[in-house]
Amino acid sequence: MISFELTEEQRMISQTVEAFAREEIRPAARTADESGQIPPELVQKIWELGLVRSVIPEASGGDGGQRSAVTGVVAAEALAYGDQSIAIHALVPRLLAYPVLEMGDQAQRARYLPLFAQPGFCAASAALTEPRWDFDIFSIATTARGSGSGYILNGEKCYVPLARESEFLIVFASCGPAVEGFILPGGCPGLVVGEREKNMGLKALATYGLTLKDCAVPAEARLGGERGINFNRLMSEQKVAAAAMAVGVARSAFEYARDYALQRRAFGAPIATRQAIAFMLAEMAIEIDASRLLAWEAASRLDKGEDALKESYQAKNYTASAVLKICDNAVQILGGHGYIREHPVEMWLRNARGFAMLEGLTTV
Amino acid sequence: MIDFEPDHDLQRRIDAYRIVARQIMRPISREYDENEHARPTKFYELMWAGRAQAGLEVGPDKGARSNRMRTLFTILAAEELSWGDVGLFLQIPNPGLGGAAVMAAGTPQQKERFLKRFSEGNPKWAAMAITEPGCGSDSAAITTTARREGDHWVINGTKIFCTGGKMAAELSEGFVVVWATVDKNAGRAGIKPFVVEHHTPGMSVVRVENKLGIRVSDTAALVFEDCKIPLDNVLGSPEVKPEGGFKDAMATFDATRPIVAAMAIGVGRAALDFVRDFLSERNMEIRYGLSPQRLTAIERDFMEMEVQLKAARLLAWRAAWLLDNGQRNSLEASMAKAKAGLAVTQITQKAVELLGPLGYSRAYLLEKWMRDAKINDIFEGTQQINLLIIARRILGYSSKDLN
């Protein structure tokens, strides 16, 4: 049955998170970008919104809510509307919590899920991307070789968010023909966390390179045990989450440019009254809505348990280029002012560029 | 709950249209493109005979479909049939834009009186005449007049680009909804829709245009010379109010723009399906999930076309869904129309390019779809008019503030 209506609960989450993003996250974004630090109190406050805890089963101390990709998409958009770096940081624990929740075996669920029901922010992460120009999720060079009853991991990863402070990490590695996930403790021998990475945007988000050198893990570390994981589904969830965040960033840039155009005067009238500007804004509005609907479509398929690799791939690729264009337009509408760091649009443009090339920073 | 998959019943009805598109429309598609002004009479009769079963619009609030799904069903059907041939789709005997104007502006009695004919007798058409030689997008500048004279309205003026005008005015027992001003000084408020019955003395079709595409669809120029029609043929209230008739014209567009978007999408899908099959026959399958660096140029182009089409479709579905759920959709209807019109224009042009020298040949329908697609970015409000509407809405501007 075709419907474009969010549930009551989803609308409520959207409103609550967006209000929080506007009041608490947005004001902290510029300082965080300049300093490279996100205040831990802010991260804790976001944690207390319960965006992770809500779907942890009651048996593990959580709220036992039904996990929904559409709900995840709605929340991710609202959070990223505040700031992309802060939103990703706050949701990084999902990178471990959700795969364990969905595909972990009994023992893994019992061991790891309670971490995310705690009152304090629990850093946990996942290592997917590798430092190669043509990296993609179907060509994971990191390997997991069977050895005795366990595995030996070798390879290099990059863009691993919060790698240094994470208690546990999932490392994705090729294991025979399939890609599997391995849960490693932060200080595991053979796992070396590199320097913090320096990037064009997302400067507030701490990401790291990882080296795995003959890193031995026991059989129990393999996510999902013998059965393994549905890697395509995990990737779909990550892509759709990235798409949702892109929509949030696009919307913040659009609104900022719109408000600026309404108030900035040239030749005796607000620049918004000129078609050259007004049409740019109209096209931005169309692309934001189109992007959101693509994200919703992929998410609703995930919620029905259907394969959504193509849909999430489409949603992510589409929104990644849409958000870039929208942020670029926002800078353009502000003209010289858009280039100055006094306004946030240049930061959004730098951040938005990341969507096209970065994978595995967030999930729904 | 968010869900973008048609349910079983809806899908079953759409599948019926898919068969019509494939088996009835496609085989005659080229023939009626080449013989521009020939009439596919057999097609008319087939579509007319099958209209009730198919759940096509057959009068006020009738038909197999429930009102809650009305517009959505219509646009799904429009996509399927336009996949077959968008020109033929426009020529299906039906109430068309004239009917949409009656639905948007007419009283319950008028709906019954004017639309009843579509459930009986011979194939019929209804058309809408709004554009004039001197005004297109600026429809508030209409110069056609309606003067009250005793128990009649007397209409004078020239209308062009009237889709289905010949069929409605002269070749069936249909009607034309003519937008005319009752008071030039009143501006928009003075513009009203009038129903002019087929073969009314004083109304004549003076020309049927030769076009780039949708050639089978007749695009008529009509002249009204002291054309007398009954008083109660003015749709809605005849009074001149500040928020009067023009609003009704705009309400008509809220319902029809998603349909035009769906038509565009049907053409775009035809082109994409063709290219996909063409590549597949040459062992080129599109691979999803890879990084862009690993894709071929054709894969990248194809994927871009495919997702653009889907984005347009979701926008069109949303605009229709809002209308079916009693919500205002002017903004969303314009978004869908602007997106679909442009996206499909570009998709079909790219598709022709992808096939190299073969794409340009009339041996395939691809070149025709490129020509057909373009109209969707023009009629029912050009790309630019829709951007204006969107911009006014998002900026809170009136048409005076932003024009």
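Visitor: How many residues of chain A are in contact with chain B?

Guide: 37 residues of chain A are in contact with 31 residues of chain B. Two residues are in contact if their C-beta atoms, placed from the backbone, lie within 7 Å. This is a predicted model: local features need pLDDT of at least 70, side-chain atom pairs count only at pLDDT 80 or more, and totals for chains, interfaces and linings use all residues. Residues are numbered from 1 along each chain as its sequence is written, while chains are lettered from A and ligands numbered from 1 in the order in which they are written.

Visitor: Let's look inside chain A. What domains does the assignment give?

Guide: Chain A has domain 1 (8-121), domain 2 (125-227) and domain 3 (231-357). Such bounds come from an automatic or database domain assignment. The centres of domain 1 and domain 3 of chain A, taken over C-alpha atoms, are separated by 22 Å. Their contact takes 19 residues from domain 1 of chain A and 20 residues from domain 3 of chain A.

Visitor: Which element gives the most to the domain 1 side of that contact?

Guide: α3(A) does, with ten residues. At least two residues each come from α1, α3, α4 (84-91) and α5 (94-103) of chain A. By class, this side of domain 1 of chain A has twelve nonpolar, four polar and three charged residues.

Visitor: You mentioned α4(A). How many of its residues are buried?

Guide: Eight of the eight residues of α4(A) are buried, so this helix is largely enclosed by the rest of the structure. Among them are A:Ile86, A:His89 and A:Leu91. A residue is buried if 20 or more other C-beta atoms lie within 10 Å of its own, exposed if 12 or fewer, and partly exposed in between; the C-beta atoms are placed from the backbone.

Visitor: Back to α1(A) and α3(A). At what angle do their axes cross?

Guide: The axes of α1 (residues 8-35) and α3 (residues 69-82) of chain A cross at roughly 25 degrees and come within 6 Å. Axes are lines fitted to C-alpha atoms, for helices over the stretch in contact, and angles run from 0 to 180 degrees between N-to-C directions. α1(A) and α3(A) are therefore roughly parallel to each other. Angles under 35 degrees count as roughly parallel, over 145 as roughly antiparallel, 65 to 115 as roughly perpendicular and the rest as oblique.

Visitor: Which residues make the contact?

Guide: From α1(A), they include A:Ile13, A:Val17 and A:Ala21. From α3(A), they include A:Val74, A:Ala78 and A:Tyr81. The contact of α1(A) with α3(A) has eleven nonpolar, four polar and three charged residues.

Visitor: New topic. Where is A:Leu202?

Guide: A:Leu202 sits in the loop between β6 (191-196) and β7 (207-217) of chain A. A:Leu202 is not a glycine, yet its phi is positive, about 50 degrees.

Visitor: Over to chain B. How far apart are the centres of domain 1 and domain 2 of chain B?

Guide: They are separated by 26 Å, taken over C-alpha atoms. Chain B is divided into domain 1 (8-91), domain 2 (122-241) and domain 3 (246-395). 13 residues of domain 1 of chain B are in contact with nine residues of domain 2 of chain B. On the domain 1 side, the largest share, five residues, comes from α3(B).

Definitions and conventions. Helix = DSSP H or I, 4+ residues; strand = E, 2+ residues; numbered from the N terminus. Nonpolar A, V, L, I, M, F, W, Y, C, P; charged D, E, K, R; others polar.
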